[in-house]
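Please read the following points with the chain open beside you. They are meant as a colleague's note and go through the structure one place at a time.

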Amino acid sequence: MQSHDSVRPVRWSAEGLRLLDQRRLPDEEVERLYTDYRGVAQAIEQMVVRGAPAIGIAAAYGAVLAARDCLPRGRAAWEQALDHLNAARPTAVNLAWALRRMAAVPLVGETDPVARLLAEADVIAEEDLAANRRMGALGAELIKGPVGVLTHCNTGSLATGGFGTALGVIRQAWADGRVSTVYADETRPWLQGARLTAWELLRDGIPVTLLADSAAPLLMQQGAVQWVIVGADRVTANGDVANKIGTYGLAVAARYHGVGFMVVAPSSTVDMSLPDGQAIPIEHRNADEVLAVGGHRVAAEGAGGWNPVFDVTPAELVDVLVTERGVVHRPDAKGMAALFDRDKVRHRSGQIDQ
Ligand code: MRU
């Protein structure tokens with residue numbers, strides 16, 4: 001494993017799928033074993049595993065477990081199980097992408113279809129790690145440091161097959177001496193920044209400074225950061241970006257203060273079938289996540305809560321989109337098509353759907 005990258009949230013073993021329970025971090029490192037696809041769907045829904053690419057990888061292995069159970073009853077039973085997995089969370093397109101890719105594996109005449117599907121899930125995981133390393137190199141090159149950077153949510157090894165998307169760029173830039181200070185938003189209400197990003201960075205020897213989400217514009221006003229670097233759950237054909245709630249506000253503040261806004265996402269997060277971000281389904285979770293902190297209710301009894309967990313940043317606020325296929329400056333429909341329209345061609349010719 002490369003230096004500054006020691007965590008793996010999703011692991012296949014002979015017994016089944018092992019997921020590091022991200023609800024328990026940083027207090028406890030508990031790995032849970034899943035031998036049934038329904039359990040994997042529940043783990044995605046309950047955020048045992050989270051982060052767009054990690055959700056996709058877990059679902060791919062969930063499809064292997066589903067094949068073991070359902071294929072003996074026929075392909076239709078397996079496809080129903082894939083639909084069940086697909087319904088676990090709506091916003092991160094990596095989930096549907098990974099399941100479509102598993103469904104596209106040719107199984108007719110295959111003597112051991114489960115083994116063939118397991119090989120495909122392994123490839124999805126390996127490709128994600130390779131994409132992250134590539135994006136890390138491409139994104140780090142854009143940082144003329146050493147400078148302060150701010151990130152949001154958790155986009156690291158915990159959220160991916162390893163290394164991370166936005167956090168991969170930060171890891172690489174840190175290793176290259178381009179980053180002087182990593183600031184991380186705590187990321188209310190689920191505290192991915194405080195619990196996960198801080199844990200993961202410190203474990204890999206990278207110092208981190210946490211701030212309340214609402215402190216980010218002041219940090220920018222004081223000139224402490226030159227880049228805001230975030231991941232994505234879905235990027236549409238015009239370059240709009242769905243990501244963790246709070247990202248849109250960071251983009252607005254960054255533009256106002258002349259701070260660069262970088263989005264880092266693999267091609268598995270790009271959804272060229274949607275024209276713009278208005279069409280992205282935004283997940284709303286239980287209001288209790290807002291009314292409580294760490295499971296302890298803090299809101300006045302009787303208060304209601306509103307809990308959209310993603311927002312959409314318009315493309316015009318994005319300075320650069322970094323993907324493993326290349327970098328799109330000031331993304332728009334033309335820039336996105338130049339890198340991703342070939343997927344449409346592949347789709348029309350009946351190959352892998354994107
Ligand atoms: O609700 P989560 O924790 O799954 O949300 C995760 C994010 O919003 C990440 O920024 C995104 O998935 C990119 S992760 C590489």
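1. In which loop does Pro146 lie? Pro146 is found in the loop between helix H5 (113-141) and strand S4 (147-151), where helices (H or I, at least four residues) and strands (E, at least two) are DSSP runs, numbered from the N terminus. The peptide bond that joins Gly145 and Pro146 is cis, with omega about 5°.

2. Before going further, please keep in mind that this is a predicted model, in which local features need pLDDT of at least 70 and side-chain atom pairs count only at pLDDT 80 or more, while totals for chains, interfaces and linings use all residues. Residues are numbered from 1 along each chain as its sequence is written, and side-chain values use heavy atoms, with hydrogens and water left out.

3. A cis peptide bond also joins Leu25 and Pro26, with omega about 5°, and Pro26 has its place in the loop between strand S2 (16-20) and strand S3 (31-34). For Met47, which is in the loop between helix H1 (37-45) and H2, the backbone angle to look at is phi, which is near 70°, a positive value in a residue other than glycine.

4. The ligand has 17 residues around it, of which Arg50, Ala52, Asp233, Asn243 and Lys244 come nearest; a residue counts as near a molecule if one of its heavy atoms lies within 4 Å of it. By type, the residues of this shell divide into 7 nonpolar, 6 polar and 4 charged, where Ala, Val, Leu, Ile, Met, Phe, Trp, Tyr, Cys and Pro count as nonpolar, Asp, Glu, Lys and Arg as charged, and the others, Gly among them, as polar.

5. Which atoms of the protein lie 2.8 Å from an oxygen atom of the ligand? One is an N or O atom in the side chain of Arg50, and another is a backbone N or O atom of Ala52. In the side chain of Gln192, an N or O atom is 2.9 Å from an oxygen atom of the ligand. The elements that give two or more residues to the shell around the ligand are helix H2 (52-70) and strand S9 (241-244).

6. Why can the ligand be said to lie between domain 1 (2-130) and domain 2 (132-348)? Both domains give residues to the shell around the ligand, so it lies between them; the domain bounds come from an automatic or database domain assignment.

Methods. Polar contact = N/O pair within 3.5 Å; in protein donor to acceptor, adjacent residues only side chain to side chain.
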